[in-house]
Amino acid sequence: MKSRRFVLTFPPEATGEPITYNLIRKFDIMVNIVKADVSPGQVGHLVMEMTAPSKILKEGMEYMKERNVECVPIDRTITYQKDLCVHCGACSAVCFAGALTMNRSTAELVFDAEKCVVCELCLTACPLKLFSIDLG
Amino acid sequence: MSRKRSIEEINEKIRKGRAVVLTAEQVAAMGREATPAEVAEKVDVVTTGTFGPMCSSGMFINFGHTDPPMRMEKITLNNVPVFGGIAAVDAYVGATETALPHDQYGGAHVIEELIAGKDVLLQATAKGTDCYPRTEVKTLINKATVNEMIMFNPRNAYQNYNVAVNSTSKMKFTYMGTLLPSFGNATFSTSGELSPLLNDPEMRTIGIGTRIFFGGTTGYVAWHGTQFNTGKPVNEHGVPIGNSATLALIGNAKEMSTRFIRAAYFEKYGVSIFVGVGIPIPVLDEEMAQRVMVRNSQIETNIIDYGSPGHDLLGRVNYESLFSGEITLNGKKIRTAPLSSVRVAREIAETLCREITAGRFMLTAPVEAFRKTTGLNSLEIRL
């Protein structure tokens with residue numbers, strides 16, 4: 001079994017088809033949706049983790065490709081220099097995925113890497129330039 | 001008759017190690033149960049703190065004379081132009097000045113590196129005079145080699161500040177951080193109930209000469225800050241709504257710490273500097289007690305659309321909501337984020353609390369109170 005995280009980009013014409021449903025039912029891929037932004041008639045984005053044997057995962061990706069759904073694995077991760085952070089919160093302002101949040105009681109920055117979609121907005125939003133991309 | 005005490009009486013208690021000192025957060029929490037009279041009875045001093053980007057900052061520096069001497073004219077530090085239009089080897093390092101074309105590095109970074117004790121490249125040219133014959137210099141300086149490093153910030157510690165949102169369909173890059181399109185986020189920049197001027201909104205105890213915590217050392221209020229405005233409307237808790245009073249601060253940068261002075265770069269805006277400021281507020285009477293008990297829910301500010309050319313006013317919100325992580329504007333929920341570090345502001349208030357309790361930091365009465373103002377002048381285009 002292999003778990004990988006992907007960014008799926010749906011063309012406007014594909015949003016009518018239950019792609020995710022089919023991945024589960026037809027391919028038996030375990031799906032965990034991290035973030036979704038899909039509206040009928042528009043380009044949609046889905047960030048999700050897929051867990052399945054490599055062969056099945058490949059078939060699922062092939063199925064999506066046939067339906068013009070772009071499927072890009074997220075192999076990069078975001079890291080930051082925690083010891084230099086002043087906990088100002090500027091990065092949390094742009095983190096729409098909710099990976100960077102401020103803890104209400106400690107007033108400290110909390111980074112939940114599981115929620116990170118590697119949009120890279122924090123790289124420029126941090127006024128101290130403490131974020132970087134780890135290419136793995 | 002409620003309890004009244006003078007600053008001299010409070011200082012006497014500090015000297016004897018008997019002063020009761022609390023942070024503004026602690027006294028705000030205490031205020032949920034206690035009355036102003038009870039707080040005035042029990043508490044002598046309340047410490048405040050703020051640590052946010054404060055662009056209007058900089059540092060005077062005196063390099064010392066070369067032999068033969070030089071009247072420096074064009075001066076750079078690590079390729080950042082600094083103002084040399086004062087006496088021979090004096091200069092002013094403006095925090096927001098940048099080393100073009102590398103506009104992500106600026107005066108704030110030079111200041112931080114000097115405070116950290118690092119070497120900085122000084123380059124200067126001059127026309128040469130009879131009394132100052134030297135025409136150029138290139139050398140390394142650091143805080144041990146220069147005579148003075150005097151931080152003088154014309155506008156710090158804003159009493160309240162706007163909340164920034166963006167109504168447009170494009171990302172906006174501002175000094176209030178990156179604003180996502182279509183009201184995707186809202187940013188704000190004060191430490192709320194911990195903020196110095198929000199705990200003494202009428203500045204009864206803060207004025208010219210007030211001793212403060214400044215960048216990790218002792219500093220002083222030099223003057224009212226630029227764009228000082230006491231004419232802003234106040235809410236029912238006596239708190240000004242939106243940006244109002246400011247402070248001009250002075251202190252010895254050689255004694256400061258990079259824990260409380262940090263250079264910053266805001267994307268596609270420019271360089272700024274995080275400055276740590278803490279002010280002790282003496283609880284002189286019940287009225288002051290009422291002021292320092294102020295809670296985030298009682299402090300309000302304006303929501304401004306930084307996407308509109310005129311920076312339109314869209315609404316009003318309190319800090320309790322802002323710190324909750326979400327506000328509602330015209331029925332839409334908007335994620336909020338601070339730009340000013342409450343974590344470090346709290347550390348400043350706690351440090352000041354410890355110093356006063358230990359008898360190492362005495363309170364001062366203002367040498368002179370600030371004047372009241374009615375508003376600000378705009379720059380009229382007259383040509």
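Modeller: Start with the word domain: the bounds of a domain come from an automatic or database domain assignment. Keep in mind that this is a predicted model. For chain B, the assignment gives domain 1 (7-54 + 152-357) and domain 2 (64-146).

Biologist: What separates the centres of domain 1 of chain B and domain 2 of chain B, taken over C-alpha atoms?

Modeller: The separation of those two centres is 33 Å. The contact between the domains takes 13 residues from domain 1 of chain B and 14 residues from domain 2 of chain B. On the domain 1 side, S20 and S21 of chain B each supply at least two residues. S20(B) gives the most to that side, with 5 residues. Sorted by class, the domain 1 side has 8 nonpolar, 3 polar and 2 charged residues.

Biologist: Is strand S20 of chain B buried or exposed?

Modeller: A residue is called buried if 20 or more other C-beta atoms lie within 10 Å of its own. In strand S20 (residues 261-266) of chain B, 6 of the 6 residues are buried, so the strand is largely enclosed by the rest of the structure. Both of its faces are covered: Ile261(B), Ala263(B) and Tyr265(B) are buried on one side, and Arg262(B), Ala264(B) and Phe266(B) on the other.

Biologist: How do I read the pairing of strands?

Modeller: As a general idea, strands of a sheet pair through backbone hydrogen bonds, and the pairing is either parallel or antiparallel. Here S20(B) and strand S21 (residues 270-278) of chain B run antiparallel and are joined by 6 bridges. One partner to look up is Phe274(B) in S21(B), which is bridged to Arg262(B). The hairpin of S20(B) and S21(B) has 3 residues between the strands, and Lys268(B) takes a positive phi near 55° in that hairpin.

Biologist: In what order do the strands of the open sheet of 3 strands in chain B come?

Modeller: The order is S1-S2-S22 (chain B), and the pairing is mixed. Strand S1 (21-23) and S22 of chain B stand at the edges with a single partner strand each, so one side of each has no neighbour in the sheet. From one strand to the next, the twist averages 25°. S2(B) and S22(B) run antiparallel, with 3 bridges between them. Thr47(B), for instance, has Pro280(B) in S22(B) as its bridge partner. H7(B) lies across S1, S2 and S22 of chain B and runs at about 175° to S1(B).

Biologist: Which residues of helix H1 of chain B are buried?

Modeller: In helix H1 (residues 7-15) of chain B, they are Ile10(B), Asn11(B) and Ile14(B). Seen down the axis of H1(B), these buried residues fall within an arc of 100°, so they line one face of the helix. They pack against strand S2 (45-47), strand S22 (280-282) and helix H7 (342-357) of chain B. On the other side of H1(B), Glu8(B) and Arg15(B) are exposed. After H1(B) comes Gly17(B), with a positive phi near 70°.

Biologist: How many residues does the contact take from chain A and from chain B?

Modeller: It takes 19 residues from chain A and 24 residues from chain B. H3(A) gives the most to the side of chain A that touches chain B, with 4 residues. By class, that side of chain A has 12 nonpolar, 4 polar and 3 charged residues.

Note on methods:
Residues are numbered from 1 along each chain as its sequence is written. Chains are lettered from A and ligands numbered from 1 in the order in which they are written. This is a predicted model: local features need pLDDT of at least 70, side-chain atom pairs count only at pLDDT 80 or more; totals for chains, interfaces and linings use all residues. A residue is buried if 20 or more other C-beta atoms lie within 10 Å of its own, exposed if 12 or fewer, and partly exposed in between; C-beta atoms are placed from the backbone. The arc is that of the directions from the helix axis to the C-beta atoms. Two residues are in contact if their C-beta atoms, placed from the backbone, lie within 7 Å. Two strands pair if DSSP finds at least two bridges between them. Axes are lines fitted to C-alpha atoms, for helices over the stretch in contact, and angles run from 0 to 180 degrees between N-to-C directions. Ala, Val, Leu, Ile, Met, Phe, Trp, Tyr, Cys and Pro count as nonpolar, Asp, Glu, Lys and Arg as charged, and the others, Gly among them, as polar.
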